[in-house]
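Here's a quick briefing to read with the model open beside you.

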Amino acid sequence: MVIVSYREQDHEQLVRIWESAVRATHTFLEEHHIQFYRDMVGEILEQRQVEVWEALNTEQQPVGFIGLQNNFIEMLFVDPSQHGQGVGRLLIEHTIQLKGHHLKVDVNEQNAGAAQFYKKMGFVQIGRSERDGSGNPFPLLHLEIS
């Protein structure tokens, strides 16, 4: 597996990875929420509003990606077929090499698997919000590692 900077030709595949990962892990979202966030993620990636790194498999196909804004992890999504295979860990380790050990991330409280993953990676909870960044009633856990 190799980590590469965002490749424009992978845009649609990254959005598909996002959607399949969300459908597998964000069971609290309704269909209209998924469509809303899908459009938002597609725009963020297309306009390169965040620094994106892709994890590629041996066939050079993306299997996960991470989006960064300075030392904040804006998004980390892995194809569900690759969950538990070290892709997320590889992306976090790459980010630590790039940005140093002081990283922050917000995780949906209802996404217990993601919260567990980040805690396993050494993140600790430093706060909580009742609503997500779009004002929807999906509580966020604020985590950081240093």
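Two strands pair if DSSP finds at least two bridges between them, and helices (H or I, at least four residues) and strands (E, at least two) are DSSP runs numbered from the N terminus. With that in hand, look at Asp106, which stands opposite His142 in β7. Keep in mind that this is a predicted model, where local features need pLDDT of at least 70, side-chain atom pairs count only at pLDDT 80 or more, and totals for chains, interfaces and linings use all residues. Residues are numbered from 1 along each chain as its sequence is written, and side-chain values use heavy atoms, with hydrogens and water left out.

**The sheet**

- Seven strands make an open sheet with mixed pairing, in the order β1-β2-β3-β4-β5-β7-β6.
- At the edges sit β1 (2-5) and β6 (124-129), each of which pairs on one side only.
- On average, neighbouring strands of this sheet are turned by 30° against each other, direction ignored; axes here are lines fitted to C-alpha atoms, for helices over the stretch in contact, and angles run from 0 to 180 degrees between N-to-C directions.
- Strands β5 (residues 103-108) and β7 (residues 140-145) run antiparallel and are joined by six bridges.
- As background, strands of a sheet pair through backbone hydrogen bonds, either parallel or antiparallel.

**Helices on the sheet and on each other**

- Helix α1 (residues 11-25) lies across β2 (51-56), β3 (62-69) and β4 (72-78), and runs at about 90° to β3.
- Helix α4 (residues 112-120) packs on the sheet and touches β4, β5 and β7, with its direction making about 160° with that of β5; contact means heavy atoms within 4.5 Å.
- The axes of α3 and α4 are 11 Å apart, and these helices pack at an angle of about 50°.
- That makes α3 and α4 oblique to each other (angles under 35 degrees count as roughly parallel, over 145 as roughly antiparallel, 65 to 115 as roughly perpendicular and the rest as oblique).
- Where α3 and α4 meet, Gly88, Arg89 and Ile92 come from α3, while Phe117, Tyr118 and Lys120 come from α4.

**The nonpolar cores**

- A nonpolar core is a set of buried Ala, Val, Leu, Ile, Met, Phe, Trp, Tyr and Cys residues joined through side-chain atoms within 4.5 Å; buried means under 20% relative accessible area, exposed over 50%, and partly exposed in between (1.4 Å probe, protein chains only).
- The largest core has 24 residues, of which Ile66, Ile73, Ile92, Tyr118 and Phe123 touch the most other members.
- β2, β3, β4, α3 (87-99), β5, α4 and β7 each supply at least two residues of this core, and α3 gives the most, with four residues.
- Not counting residues up to four places away in sequence, Tyr118 touches Ile73, Leu76, Ile92, Val105, Val107, Phe123 and Leu143.
- There's also a second, separate core of 20 residues, with Leu14, Ile17, Ile34 and Val50 among them.

- His26 sits in the loop between α1 and α2 (31-46), and is buried at a relative accessible area of 10%.
- Leaving out residues up to four places away in sequence, His26 touches Ala21, Phe77, Asn108 and Asn111.
- Arg48, in the loop between α2 and β2, isn't a glycine but has a positive phi near 50°; Arg48 is partly exposed, with a relative accessible area of 48%.
- Gln60, in the loop between β2 and β3, has a positive phi of about 65° without being a glycine, and its 39% relative accessibility counts as partly exposed.
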